[in-house]
Amino acid sequence: MSHSYYQKQWVRAQESLSDLLSKEIPPEPPKPETDRLTAFQNIATLYIKYLQIFRKLEECYDQIVHPQKRRVLRHVLDGTMGRVLELKNEMVLLEFSEFHYFDDILSDLKLTPNDIEIPIPKYFLNEKAKVLQDREKLLGQILAKMGPPDEDVEEVRMSTEEAIRIVQVHERARQGRLRAKFMREIRLQEERERLAANRGAPTLDNDLAATRIQKMWKGYSVRKRIKKERDDEMVFICMTEPPRHNNVKKNTPQSRQDKTASTRRVIQAEHERDYQKGLVGIKDKLREVEGPDMKETMQDQIRQWFLECRDATGKFPDYPGEDEGGSALIFREKDPAEMEAELQGKAEEKGKKGKKSDKKKDKKKDKKDKKGKKGKKGKGGDEGEEEPGFKMQPSNFLGTVQESNIEYTTVWKERNEEQNFNQKCDSELIKEQKRIEVETEVRTQVDELMREELKNLRLAVDRDKGKGKKGKKGKKSGKKSGKKKKKGKKSGKKSGKKGKKGKKEKDLTPDRTMDSLYEELVREGILVRSQRFTLRDYLGDYSYLGTTLRQADIEPMPSLSDVRQLVALYGVLPLGSPAVHEKSPLIKSLLLAGPRGTGKRSLVHAICSETGANLFDLSAGNIAGKYPGKSGLQMLMHLVMKVGRNLQPSVFYMGDCEKTWMKKVPKTDKTDPKRLKKELPKMLKLFRPEDRIILVGTSRSPFDSEMKALAGVFQKIILIPRPDYASRNLLWRSLIPQNRGIISEHLDTSSLAKVTDGYTQKHIVTACQQVLTDRRVMQLAKRPLVASEFIPPLARIDPIYKEEEEAFKTWYAKTPLGKKRAKAAAGDEEDDGKAKKGKKGKKGKKKK
């Protein structure tokens with residue numbers, strides 16, 4: 001793609017954004033929406049449109065090479081990302097559910113489910129690639145020093161006689177197989193000789209033989225050509241997948257696009273280096289060329305101000321201090337509001353005498369007015385009450401988006417870049433930016449000089465007037481300053497008392513470096529290496545019946561696509577961007593609950609892989625026997641928090657977290673799972689908006705734990721279901737080629753997906769690995785895959801039955817959000833019932 005393509009993409013995104021801003025920031029505040037369904041439709045439409053803009057801006061930021069444009073894009077990209085998170089939070093508060101379905105809205109907007117996939121910005125990893133490489137290198141060195149983990153392998157002891165007997169059995173079996181193969185070949189040879197003897201010599205004419213050969217060959221070639229045309233047509237209409245060619249990977253359009261994208265990223269880095277050099281060079285040049293003129297102009301302006309004030313008041317003015325802005329305060333252009341305030345102040349000073357006499361009358365009037373207002377309230381005046389209905393919360397990101405939109409409109413929208421074909425930095429913009437910095441530097445120097453000059457002028461004037469008055473003024477000023485000092489002491493005491501209230505965390509390791517703490521946690525197995533797994537690898541299809549089922553008052557099970565989107569919104573986007581994490585709704589903890597094999601741990605690794613986060617394993621089994629005692633546990637939590645904060649983003653992982661809040665721990669469990677029960681709430685209180693840290697727990701049997709305690713620690717709970725038919729079909733069609741298999745017309749993946757109902761992603765992966773061995777892959781050309789080959793490996797695995805899924809659904813309904821949703825649904829039913837009764841009552845009255 002070219003520079004102009006991404007420029008047009010950015011223009012389209014900004015136009016869509018300005019349209020949305022005009023709707024979101026209307027001239028008059030909108031009235032609250034009373035209908036819940038209409039309110040959800042409005043917010044969902046905004047959410048989908050912001051997602052479309054987010055996708056375009058992310059693509060532009062990743063590929064545009066102009067360094068100054070990239071800064072504007074980054075600003076608007078973070079604002080749009082934060083607004084998406086805010087709208088998601090609004091939908092959760094409105095529907096009391098983490099899962100939302102947009103089937104009807106997507107059909108109205110002519111979009112597909114792929115259009116609402118959450119894009120993961122590539123700058124999360126690209127902009128800190130060197131840091132991640134250094135960290136990976138350090139981790140590899142520490143693990144290499146430790147060596148491979150010790151595995152307890154039980155030695156199988158065997159006597160000499162048993163070993164000889166086993167060898168004899170296997171040798172006799174080998175000889176038997178060879179003899180059977182030899183005898184079979186002899187029998188086949190004898191059969192061929194007998195048939196040849198009975199058939200006799202060939203009596204067919206040569207012309208007839210040639211005709212038969214031609215007929216057979218022409219039939220074969222035509223059938224082959226027609227089959228190829230049919231296959232090409234099926235590929236063209238996307239009914240089948242194109243065949244895989246291992247040797248032609250370099251020439252595919254996708255590979256060429258990836259190559260172009262990586263080349264543009266290299267150009268980005270080069271232009272960024274040129275921009276940084278330009279910032280320093282242009283600033284130095286401006287200081288040399290324009291600095292002296294600026295200095296002279298400022299000095300002349302300030303001297304003129306001295307004279308004007310002296311002529312107006314008869315004395316020299318007080319020079320503004322550094323805290324107030326120095327001489328910049330004198331020549332600052334005042335806003336209309338400030339001018340009005342000044343005029344009002346002058347008017348008040350003039351009319352002070354007249355107001356003193358009218359004060360008593362005004363007080364009496366105020367008392368009467370208050371009494372009148374109280375009386376009105378008592379009678380039922382509800383003017384102060386808010387209108388009923390749903391209204392969106394104030395946004396922290398709309399201001400950011402608006403600022404960046406104004407900057408784009410004023411700077412980049414109409415800018416002529418015909419001469420900047422290579423999209424390098426714009427030196428004129430740098431000059432405008434750096435001229436302000438140079439001016440502030442010169443102003444500070446001028447302020448110092450002019451303060452000295454003003455001091456000298458005052459001394460000269462005072463010498464002429466005499467020293468009598470000066471002494472008296474000095475005494476008075478001394479007294480005043482003494483009083484101020486006393487006040488200062490009091491204020492100091494107050495501030496001291498306030499300081500005692502805020503407790504600071506104790507640093508238990510003040511003398512140790514971060515590298516030593518990092519190494520200790522790696523050696524203890526607390527800080528572990530995350531597996532390379534992206535959210536795109538978590539396969540799952542969209543739920544196409546969600547809206548229909550909800551309209552019929554049936555709560556649908558979420559799809560794997562919904563789970564993937566929630567993990568992106570709650571886990572990946574806030575951790576990846578510091579600007580988004582500080583202002584967006586703070587999510588400190590996340591619970592992934594679902595049956596075995598549904599990819600809970602893979603999602604944790606996906607969060608780490610997409611954001612470059614450190615993974616701290618705080619599972620009960622992992623920390624068992626490490627840092628024993630109360631002081632040891634305190635040290636463990638301190639180390640984890642200190643390293644996690646300094647090397648953020650960080651993910652604190654707890655596997656099988658239901659054991660921590662289990663009512664009764666089995667006696668056979670020696671891992672002490674309740675060890676972190678009291679420490680986790682304390683740790684979560686220490687999480688601040690600027691700390692990009694999240695606690696992620698996984699649970700395969702959450703119904704065994706106490707709901708109140710579990711929900712108190714985990715802020716967001718995501719239910720992961722077993723795959724539905726669409727997701728299973730997608731899994732089979734994706735995992736078989738990944739394991740070197742070939743999907744042909746002989747393999748019916750639709751039937752395979754139907755038969756494997758109840759089996760999870762891990763079960764399907766296991767079946768593919770067991771069937772597609774090296775030997776079976778070599779035979780694919782002669783013997784294509786069939787669905788029945790995958791049944792025996794699956795038959796040895798217990799599936800997830802419907803009862804277990806229903807148990808998860810019942811448990812999820814008991815969560816705080818599930819209870820709120822049930823209560824809201826019950827309230828809606830009551831309202832509908834009352835409305836129906838009211839209609840019936842009116843009809844009855846009419847009949848009478």
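Colleague: Which residues is Leu592 in contact with, leaving aside its neighbours within four places in sequence?

Modeller: In this predicted model, Leu592 is in contact with Val567, Lys600, Leu603, Val604, Val696, Gly697, Thr698, Ser699, Ile718 and Ile720. These count as contacts because heavy atoms lie within 4.5 Å.

Colleague: What makes Leu592 stand out in the largest nonpolar core?

Modeller: That core has 120 residues, and Leu592 is one of those that touch the most other members, along with Trp10, Tyr47, Phe102, Val651, Phe652 and Ile718. Helix α2 (residues 36-63) gives the most to this core, with 14 residues. Another core, of 19 residues, lies apart from it, and Ile736, Leu747, Ala767 and Ile797 are among its members.

Colleague: Why is the space lined by Tyr47 and Phe102, among others, called a cavity?

Modeller: It is called a cavity because a 1.4 Å probe fits there but cannot get out. The largest cavity holds about 110 Å³ of space, and the structure has one cavity of 30 Å³ or more. Its lining has seven nonpolar, two polar and three charged residues. Helix α18 (residues 560-576) gives the most to that lining, with four residues.

Colleague: How do you know that the buried residues of α16 are on the same side of the helix?

Modeller: In helix α16 (residues 514-523), the buried residues are Leu517, Tyr518, Leu521 and Val522. They cover an arc of only 135° around the axis, so they sit on the same side of α16. The buried residues of α16 pack against α6 (129-146), β1 (527-528), β3 (614-617) and α22 (629-646).

Definitions and conventions
Residues are numbered from 1 along each chain as its sequence is written. This is a predicted model: local features need pLDDT of at least 70, side-chain atom pairs count only at pLDDT 80 or more; totals for chains, interfaces and linings use all residues. Side-chain values use heavy atoms; hydrogens and water are left out. A nonpolar core is a set of buried Ala, Val, Leu, Ile, Met, Phe, Trp, Tyr and Cys residues joined through side-chain atoms within 4.5 Å. Buried means under 20% relative accessible area, exposed over 50%, partly exposed in between (1.4 Å probe, protein chains only). Helices (H or I, at least four residues) and strands (E, at least two) are DSSP runs, numbered from the N terminus. On a 1 Å grid over the protein atoms alone, a cavity is a set of points where a 1.4 Å probe fits but cannot get out, and a pocket is an open set with protein on both sides within 12 Å along at least five of seven lines; lining residues have an atom within 4 Å of a point. Grid points are joined across faces, edges and corners, and a volume is the space filled by probe spheres set on the points. Ala, Val, Leu, Ile, Met, Phe, Trp, Tyr, Cys and Pro count as nonpolar, Asp, Glu, Lys and Arg as charged, and the others, Gly among them, as polar. The arc is that of the directions from the helix axis to the C-beta atoms.
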